[in-house]
Amino acid sequence: MDIQSTIDLIDYCERENKTIAEAMIDQEQVRSGRSREQIFEMMKERFLKMQSAVQDGLNDASEAPSGISGGDAVKMKKYIEAGDMLSGSIISDAMACSMATSETNARMGVIVATPTAGAAGILPGVLFSLQKNTDLEDDDLVMGLFTASMLGYIIANRSFISGAAGGCQAEVGSATAMAAGTIVELKGGSPRQAVHSTAIAMKSLLGLVCDPVAGLVEVPCIKRNVIGTSIAFSAADMGLAGIESRIPCDEVIDTMYDIGKDMPRALKETALGGLAITPTGQKVKERLFSKSSLVDQLRGGNEHADDRNGKSTASTETAETGGR
């Protein structure tokens, strides 16, 4: 068993009468030799780390060590609690949870790369918003991670998932597409509907460049993650309504690969183009990477870590740590 395309995936799911999540577990059983229960528990560990990253971010108003991000998730949470948001609770909560995860990443906390650290906010954003606003349980969300994994597996094998290889379309684009298909499956849609939503989401982000200010996964990355949750919900609603992508999902993924190959190097995470070379972006880079600033940051960072924990904290565990 080796599913390499969304055509393969739909064929398998419809032939075996299984969901995308179940197909992922079947494939992992064949590849790893582990039992279904072992595979589920391993994924649940990732889910719990993801949950912790969201909670940390929603309750921490501090800046990241860079000084260019931090505290916005707390602002979003307070805005939602005031009850006058324009986007409705499900999208607003997704925005807050996404921002919380990405800010945790910027603070060098433990996150789960889905599919990368730079795009780690989108999937937890939609999952924990769905849980807050519907009746989904933890185990349902774990199955959602399997759905996302299968869609990400296909994208990674046919194209790119990193900004350095294919631009932000490959990173935020892939994560948004994975999230859209996952929402559909968690809401009871068919594998075919989930695949169409995956395609619709990815199409909307084709060509997006990767231009992080000072090379850090913070500006504009964090807010692109947040916007990715809104696109994922829109694409999922279209799929659940029976709307189909006119371009098949595999062709959309292959197009993302072609665009990524043609994209200039300056727009693929090198910080040599786009927003990274705006006057403000250049000032941030100069501030962060001047010799005196680096010495100050190292001194301040060490003191900060000592203060919090009584000893130096060189972070963390393996799931994924801050940075890309």
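**Briefing: a buried methionine, salt bridges and a helix crossing**

Met150 is found in helix α7, which spans residues 138-158. The model is predicted, and the values below are computed from it.

**Surroundings of Met150**

- Met150 counts as buried because its relative accessibility is 0%, and the cut-off for buried is under 20%.
- Beyond its neighbours within four places in sequence, Met150 is in contact with Ile3, Leu9, Ile20, Ala23, Met24 and Gln27.
- Met150 and Ser5 stand 145 residues apart along the chain, yet 10.0 Å separates their C-alpha atoms.

**Salt bridges**

- The count of salt bridges comes to 12.
- Side chains of opposite charge can pair when their charged atoms come close.
- One of the salt bridges joins the side chains of Asp2 and Arg31, at 3.0 Å from N to O. This pair links distant parts of the chain, 29 residues apart: Asp2 belongs to the segment before α1 (6-16), and Arg31 to helix α2 (residues 20-32).
- Asp2 counts as partly exposed, with 41% relative accessibility, and Arg31 counts as partly exposed at 49%.
- Lys18 and Asp26 also meet through their side chains in a salt bridge, with an N to O distance of 2.7 Å. Here Lys18 is partly exposed at 27% relative accessibility, whereas Asp26 is buried, with a relative accessible area of 13%.
- The side chains of Lys75 and Asp72 form a salt bridge at 3.8 Å, N to O.
- A network of salt bridges links Asp60, Glu103 and Arg107.

**Helix α3: extent and burial**

- Helix α3 (residues 36-58) has 23 residues and reaches 33 Å from its first C-alpha to its last, close to the 33 Å expected at 1.5 Å a residue.
- Its buried residues are Ile39, Phe40, Met43, Phe47, Met50, Ala53, Val54, Gly57 and Leu58.
- The elements covering the buried residues of α3 include α2, α4, α5, α6 (122-133) and α7. Among these elements, α7 is the helix in which Met150 is found, and α2 is the helix that holds Arg31.

**Contact of α3 with α5**

- The axes of helix α3 and helix α5 (residues 89-106) come within 7 Å and cross at roughly 95 degrees. The two helices are therefore roughly perpendicular to each other, since angles of 65 to 115 degrees are counted in that way.
- On the α3 side, the residues in the contact are Ala53, Val54, Asp56, Gly57 and Leu58. On the α5 side, they are Ala96, Cys97, Ala100, Thr101, Glu103 and Thr104.
- The residues of this contact divide into 6 nonpolar, 3 polar and 2 charged.
- Ala53, Val54, Gly57 and Leu58 take part in the contact with α5 and are also listed among the buried residues of α3.

Technical notes. Residues numbered from 1 in each chain as written. Predicted model: local features only at pLDDT ≥ 70, side-chain atom pairs only at ≥ 80, totals over all residues. Heavy atoms only, no water. Helix = DSSP H or I, 4+ residues; strand = E, 2+ residues; numbered from the N terminus. Buried < 20%, exposed > 50% of the residue type's maximum accessible area, 1.4 Å probe, protein only. Contact = heavy atoms within 4.5 Å. Salt bridge = Lys/Arg side-chain N within 4 Å of Asp/Glu carboxyl O. Axes fitted to C-alpha atoms, helices over the stretch in contact; angles between N-to-C directions. Parallel < 35°, antiparallel > 145°, perpendicular 65-115°, else oblique. Nonpolar A, V, L, I, M, F, W, Y, C, P; charged D, E, K, R; others polar. Expected span 1.5 Å × (residues − 1).
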